[in-house]
Amino acid sequence: MTNQDIASVFDEIADILEIKGDNPFRVRSYRRAAETISALPFDIESVIDTDPDRIRSAPGIGVGTFRKIQELIETGSCQEHENLRREFPPSLLELLRVQDLGPKKIALFYKHLGIRNLDELEAAARQEKLRELPGMGAKSELKILKSIEELRHRQGRFRLDYGTEISNRILDYLRSQANVQRIAAAGSVRRRKETIGDVDVLVTTSNPGDVIRTFTTFPGTYEVQAQGETKASIRTRQGLQVDLRVVEDDAFGACLQYFTGSKEHNVALRERAKRMGFKISEYGLFDTESGDRVAGREECEIYEKLRLPWIPPELRENRGEIEKAEKGELPALVTIDNIRGDLHMHTTASDGRNTIEEMAAAGLERGYAFIGITDHSKSLAMVRGLDEEKLLRQMEEIEAYRRTNSGIEVLKGIEVDILADGSLDLDTSVLSQLDFVIASIHSRFNMTRDEMTRRICRALENPTVSILAHPTGRLLLQRDAYQVDLEEIIKAAVANRVCLEINAYPARLDLSDIHCRMARDMGALITINSDSHTDGMLHYMSFGVDTARRGWLEAEDVINTYPVDRLKRVLKKQEYR
DNA sequence: GCCGTTTTCGGCCCGACTGTTTTCAGTCG
C-alpha cells in the first residue's frame with residue numbers, strides 16, 4: 001500500500017464526514033493527516049515495523065491516525081472507513097469534484113432527490129429539479145451543468161507524481177520478485193507529461209509466465225483486468241491502469257521507442273523511415289525491400305539508422321524535435337544535477353510546517369548552495385500571511401541564522417499577493433529590503449482576460465518584483481488557469497527583468513511545458529521552484545525540471561543553475577540574459 | 001482527530017465572493 005493509497009483513504013473519510021456534517025475540526029485533522037502522509041519523503045509500509053516513530057512524529061499523525069495506518073497496512077482496509085462507506089454511497093464522493101459543489105449541497109441533493117452520482121446529478125439539473133431546492137436557483141443549476149462538463153473532460157487522467165510512484169514501485173517489485181532481464185517504463189510517464197492516462201511497462205525475461213503472474217499480484221493491485229501470455233493489465237486502487245508487456249530482447253529498443261510515443265512523434269518518425277526505405281513498428285526497424293530487421297535491440301539504434309541523434313523522451317511530441325535533431329541542434333536540456341537551489345518555500349511563519357533552520361537543513365541535504373524563504377503576505381489571512389512588521393522580524397531571524405550557520409545561503413524573500421488592482425499586498429519600502437520578491441495571485445480568479453492581464457502587468461512593473469510565481473494559477477485536474485494573455489505577461493516580464501516561475505508542485509506545473517518554451521523563445525528567464533510547505537517537499541523540484549525539459553530549456557535559461565553571485569544580480573535586476 | 005498545556009480539556013486559519021436571499025449559507029482558497 002503506497003503512501004498515496006493511505007492518504008486517499010483519509011481524504012475519503014474526511015469527504016464522507018463532511019457530507020455527514022461531522023465536526024469540521026475532525027474533518028480537517030483527517031485532511032491534514034492525508035496531506036502529511038502524501039508528502040512524507042519515505043515509504044510508510046517499509047518503515048512501519050522497523051521505525052514507527054518516524055511516522056508517529058509526523059505533524060498531524062496522532063494515536064488514532066497511526067492505528068488506522070497500521071490497520072490499513074495489515075488488513076488492506078480500515079473499519080472506520082468501511083463503516084462510513086456503508087452509510088453513504090461512495091459514488092457521492094465524485095460529486096465533490098464538481099466545482100462549486102460542496103458537502104452541504106451534495107447532502108441536500110442526496111436527501112431530497114436521492115442523487116448519488118454524476119449522471120443522476122446531470123439528469124436532475126437538466127430536468128430543472130435542482131432549482132426547486134432551498135438555496136438553489138436557475139443560475140446555480142446552470143453553473144453545475146457547466147462544471148460537470150468540465151469535470152468529464154478531465155476524467156481518467158492522473159497526475160505525474162502518482163504515475164511516477166506507481167511505475168517506480170512496479171519496476172522495483174518486478175526486479176526483486178521476478179526473473180526480469182531488462183525492464184523500463186514507457187509512455188507518458190517516460191515523457192514526463194504533466195498528467196498521464198496509464199502506465200506502460202516493458203520487460204524482457206526468460207520466463208514470461210512467471211513475470212506475468214508476479215505482476216498481477218503486485219501489492220497495489222485493485223483488480224486484474226487482463227492476463228495473457230505476453231501481456232497483462234491491472235488497475236490500482238486509485239483507478240490507474242498499468243499495462244505490462246513481455247517483449248523479445250531483440251525488439252526491446254523498438255518497443256520502448258514505440259510505446260514511449262508520443263503518437264505524433266511516432267507518426268513523423270514513421271514517415272521519415274518510409275522515405276528512407278524502412279518500415280518501423282514495435283518489433284523493429286525493417287528494410288522495406290529485404291524485410292530484414294536492421295535495428296530493434298536498443299532504442300538509440302532506431303534513431304541512428306534514421307540518421308538522427310537519440311532524442312530525449314521529454315521532447316518527443318512532434319514539436320520540431322525531429323527537424324532540430326536532423327540539424328544537430330537539439331537543446332542540451334537542463335538536468336536536476338544543474339539545480340543549485342530553490343527560491344520558493346514556506347515556513348511556520350505562514351502555512352509551512354517547518355522552521356527556517358529545518359528548511360535550510362533540508363536544502364543542505366540536497367546539496368543546494370542557496371534557498372529562498374518566501375512566506376505568504378497578509379491578505380492571505382487564511383494562512384496567517386505576514387504583514388510588514390512580521391516580515392521585518394523574519395528578516396532579522398534569517399540574518400541571525402546567517403551569523404551562526406554557513407554552508408548554504410538563505411535568501412530573504414516573500415511571496416507577496418497581487419491585489420485586484422495590480423498593487424502589492426505589502427509596502428514597497430519593506431519589500432525593497434529583501435533579497436528578492438515573488439509576486440503571485442491567490443484571489444479573484446474570475447476577472448476578464450483584459451483585467452487580469454493588466455493586473456499582473458502592473459505588478460510586474462513594481463521595481464521590487466523579480467519573480468512571477470505560478471503565472472496561470474491552474475491546478476491540474478482540478479481547476480483551469482485563469483483567463484490571461486500570457487504573451488503580454490511574458491513581454492512585460494522581459495521588459496521589467498522579471499523571471500517567470502515553473503512552479504514544480506505536482507498539482508501546478510505552472511508554467512506548463514508549452515508556455516515555458518514560449519517564454520524562453522521570447523527571451524524570458526525562468527526559475528524552477530518547489531513551493532514546498534514541508535522539508536519533505538523539496539524533491540518536487542524534479543517535476544519542475546521535467547517540465548522545463550519538455551519546454552526545451554537549457555541550464556542557461558534557468559536561474560536556479562547560476563552561482564549565488566550571479567543569481568543575486570538577476571534577482572536585483574542588475575542582470576537579465 | 002490532533003495538540004499542548006495556563007496539562008487531560010478546549011481550541012483548532014478566516015475573509016471574499018456568489019447566488020440566494022432580505023440577512024445569509026455555501027464554497028473556495
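Predicted model: local features only at pLDDT ≥ 70, side-chain atom pairs only at ≥ 80, totals over all residues.
Modeller: Residues are numbered from 1 along each chain as its sequence is written, chains are lettered from A and ligands numbered from 1 in the order in which they are written, and side-chain values use heavy atoms, leaving out hydrogens and water.

Biologist: What makes R28 a polar contact of DNA strand B?

Modeller: A polar contact is a pair of N or O atoms within 3.5 Å; within protein, one must be able to donate a hydrogen and the other to accept it, and residues adjacent in sequence count only if both atoms are side-chain atoms. In R28, a polar side-chain atom lies 2.4 Å from a phosphate oxygen of DNA strand B, so the pair qualifies. G64 uses a backbone N or O atom, 3.4 Å from a phosphate oxygen. For K139, a polar backbone atom is 3.5 Å from one.

Biologist: Which elements give two or more residues to this surface?

Modeller: α2 (24-39), α5 (63-75), α7 (103-113) and α9 (138-154). The largest share, five residues, comes from α2. Helices are DSSP runs of H or I with at least four residues, strands are runs of E with at least two, and both are numbered from the N terminus.

Biologist: How do you class the residues of the surface near DNA strand B?

Modeller: Ala, Val, Leu, Ile, Met, Phe, Trp, Tyr, Cys and Pro count as nonpolar, Asp, Glu, Lys and Arg as charged, and the others, Gly among them, as polar. That gives 15 nonpolar, 13 polar and eleven charged residues.

Biologist: Why are α1 and α6 called oblique?

Modeller: Angles under 35 degrees count as roughly parallel, over 145 as roughly antiparallel, 65 to 115 as roughly perpendicular and the rest as oblique. The axes of α1 (residues 3-20) and α6 (residues 79-87) cross at roughly 40 degrees and come within 10 Å. The pair is therefore oblique. Axes are lines fitted to C-alpha atoms, for helices over the stretch in contact, and angles run from 0 to 180 degrees between N-to-C directions.

Biologist: What makes α1 roughly antiparallel to α2?

Modeller: Their angle is about 165 degrees, with the axes 8 Å apart. That value is over 145, so the pair is roughly antiparallel.

Biologist: How do you know the handedness of the crossing of α1 and α2?

Modeller: A crossing is left-handed if the near helix is turned anticlockwise from the far one by less than a right angle, and right-handed if clockwise. α1 passes α2 in a left-handed crossing. The crossing of α1 and α6 is left-handed too.

Biologist: Which residues of α1 and α2 meet?

Modeller: Contact means heavy atoms within 4.5 Å. Among those in α1 are I6, F10 and L17, and those in α2 include V27, Y30 and I37. By class, this contact has ten nonpolar, three polar and five charged residues.

Biologist: What joins G261 and S262?

Modeller: A cis peptide bond, with omega about -5 degrees. S262 lies in the loop between α13 (252-260) and α14 (263-275).
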